[in-house]
Amino acid sequence: MIVKIAPRRGWFWALPAALLVVPFVLSACSLSPSGADLVAQECTPCHTLAPIEVAAKPEHEWRNTVYRMMAHGADLSRSEAERVIEYLAVTYGPQDR
């Protein structure tokens, strides 16, 4: 006696459906944190945003500050440090204050 097992038709659509959903999920989840996220993650555990908000430094001074903070324990890779520096220079740079 031979028993035939009916194929599961739902599995046929699982892969195409997953391939359609994955790009949307990945776009919603940032693979690399933004400068603002990195500041919140690495800077604010040691101090508030107050000294950052009033500093109004140009990019080269923010660069010195970020690398000095890395020497004090801020755990940033080189690319993360560059994102933080760019964020700080644009957001807390010496604009007409």
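**Exercise 1. Check the length of α5, then work out which way its residues face.**

Step 1: Helix α5 covers residues 78–91, which is 14 residues. Helices here are DSSP runs of H or I with at least four residues, strands are runs of E with at least two, and both are numbered from the N terminus.

Step 2: The expected span is 1.5 Å times one less than the number of residues. For α5 that gives 20 Å, and the stretch from its first C-alpha to its last is close to this, at 20 Å.

Before going on, a word on the source: this is a predicted model, where local features need pLDDT of at least 70 and side-chain atom pairs count only at pLDDT 80 or more, while totals for chains, interfaces and linings use all residues. Residues are numbered from 1 along each chain as its sequence is written, and side-chain values use heavy atoms, with hydrogens and water left out.

Step 3: Sort the residues by accessibility (buried is under 20% relative accessible area, exposed over 50%, partly exposed in between, with a 1.4 Å probe and protein chains only). Glu80, Ala81, Val84, Ile85, Leu88 and Ala89 of α5 come out buried.

Step 4: Look down the axis of α5: the buried residues fall within an arc of 165°, so they line one face of the helix. The arc is taken from the directions from the helix axis to the C-beta atoms. Over on the other side of α5, you'll find Glu86 and Val90 exposed.

Step 5: Why do residues three or four places apart point the same way? An α-helix has 3.6 residues a turn, so they do.

Step 6: Find the packing partners. The buried residues of α5 pack against α2 (35–42), α3 (50–53) and α4 (59–71).

**Exercise 2. Zoom in on valine 84: is this residue buried or exposed?**

Step 1: Valine 84 sits in helix α5. With a relative accessible area of 1%, valine 84 is buried.

Step 2: List its contacts (heavy atoms within 4.5 Å). Skipping neighbours within four places in sequence, valine 84 touches Gly35, Leu38, Val39, Val66 and Leu76.

Step 3: Compare sequence with space. Alanine 36 is 48 residues from valine 84 in sequence, yet their C-alpha atoms are 7.1 Å apart.

**Exercise 3. Do the length and facing check for α4.**

Step 1: α4 has 13 residues, which should span 18 Å at 1.5 Å a residue; its end C-alpha atoms are 18 Å apart, so the two agree.

Step 2: Trp62, Thr65 and Val66 are buried in α4. They cover an arc of only 95° around the axis, which puts them on the same side of α4. On the other side of α4, His60, Asn64 and Ala71 are exposed.

Step 3: The buried residues of α4 pack against α3 and α5.

Step 4: After α4 comes glycine 73, with a positive phi near 125°.

**Exercise 4. Which residue has a positive phi although it is not a glycine?**

Step 1: Look in the loop between α3 and α4, where alanine 56 is found.

Step 2: Alanine 56 has a positive phi of about 50°.

Step 3: At 23% relative accessibility, alanine 56 counts as partly exposed.
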